[in-house]
Amino acid sequence: MASPVVRPLSHRILEAGALAIFLGYAVCFLYRISIASETFGDRFTVFAGLFAGYLCADLISGTAHWMGDRFWSETTPVLGPNFIAPFREHHIEPDEIVEHGVVELVGNTAIFALPVLAGTYHALDMQSGAGRSLFLAGLLLSAMVGVVVTNLFHRWAHMDQPPLHARLLQRTGLVLSRDHHARHHSGDFDRAYCITTGWMDRILDPMKVWQRIERLVGRDQQVGGS
């Protein structure tokens, strides 16, 4: 059994603070979008943005997962102990994620997502009613919220009996399912990296996108996946 990754107290405080502020911005952003969406056309534009953002969240989760699995090491400064080590620990003890608390699961992603969400919230003008602004608002909100909650979906995919609402979401395909994620934890851990919904895996895996990029950048040392 692998030794558990010890997260410094300072980093845990950073995670909790980032998550709390992120949630505040998300609620305020959603309120601004609802106020700015006055017509059916506005609401359709926002919905299109939300859907596109959810696809982006799945792609972002896959990209981060792939990089965490295949590049750097636990000793890499800053990234190693705080971001890479949890990926590698999960490879050795995949079901340990079930025991993790919410902050431990989503805190790191909140740290990265907060500047994007906050910057968009303050920079984007939705009062003009421009369709592009509403689409971008929906896309960025959905993408960042999707990224932050990804590890909750990931945890559900490792649970023998996830909560009822999780099972319903899994059956509809709106979140990562246990069967789909099991494809990653088999073989050489070189497929099914996307862990928000897994939708993008249906495009990326048949095209062998990750393997092609690895060959392109000349990566020749394989490391364990998560």
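Applying the ring criterion used here, under which rings of Phe, Tyr and Trp (its six-membered ring) pair if their centres lie within 6.5 Å, the count comes to 8 aromatic pairs. One of them joins W66 and F71 in an edge-to-face arrangement, with 5.2 Å centre to centre and 85 degrees between the planes; planes over 60 degrees apart are edge-to-face, those under 30 degrees are stacked, and the rest are tilted. W66 is buried at a relative accessible area of 6%, and F71 is likewise buried, at 19%, where buried means under 20% relative accessible area, exposed means over 50%, and partly exposed lies in between (1.4 Å probe, protein chains only). Ring pairs also link W66, F71, Y193 and W210 into a cluster.

These values come from a predicted model, in which local features need pLDDT of at least 70 and side-chain atom pairs count only at pLDDT 80 or more, while totals for chains, interfaces and linings use all residues. Residues are numbered from 1 along each chain as its sequence is written, and side-chain values use heavy atoms, with hydrogens and water left out.

A further aromatic pair, F153 with W156, is tilted, at 5.4 Å centre to centre and 35 degrees between the planes. Because F153 and W156 stand 3 residues apart in helix α5, about one helical turn separates them; helices here are DSSP runs (H or I, at least four residues), numbered from the N terminus. F153 is buried, with a relative accessible area of 9%, and W156 is buried as well, with 10%.

Helix α5 (residues 131-156) also packs against helix α2 (residues 40-70), their axes coming within 6 Å and crossing at roughly 40 degrees. The axes are lines fitted to C-alpha atoms over the stretch in contact, and the angles run from 0 to 180 degrees between N-to-C directions. The crossing of α2 and α5 is right-handed, meaning that the near helix is turned clockwise from the far one by less than a right angle. The residues of this contact divide into 15 nonpolar, 9 polar and 1 charged, with Ala, Val, Leu, Ile, Met, Phe, Trp, Tyr, Cys and Pro counted as nonpolar, Asp, Glu, Lys and Arg as charged, and the others, Gly among them, as polar.

R32 lies in helix α1 and is buried, with a relative accessible area of 19%. Although R32 and L134 are 102 residues apart in sequence, they are 10.0 Å apart in space, C-alpha to C-alpha.

Two loop residues remain to be considered. Most residues other than glycine have a negative phi, whereas A192, which is not a glycine, has a positive phi of about 50 degrees. A192 lies in the loop between α7 (178-182) and α8 (201-204) and is buried, at a relative accessible area of 0%. K208, in the loop between α8 and α9 (209-216), also has a positive phi of about 50 degrees, but at 47% relative accessibility K208 counts as partly exposed.
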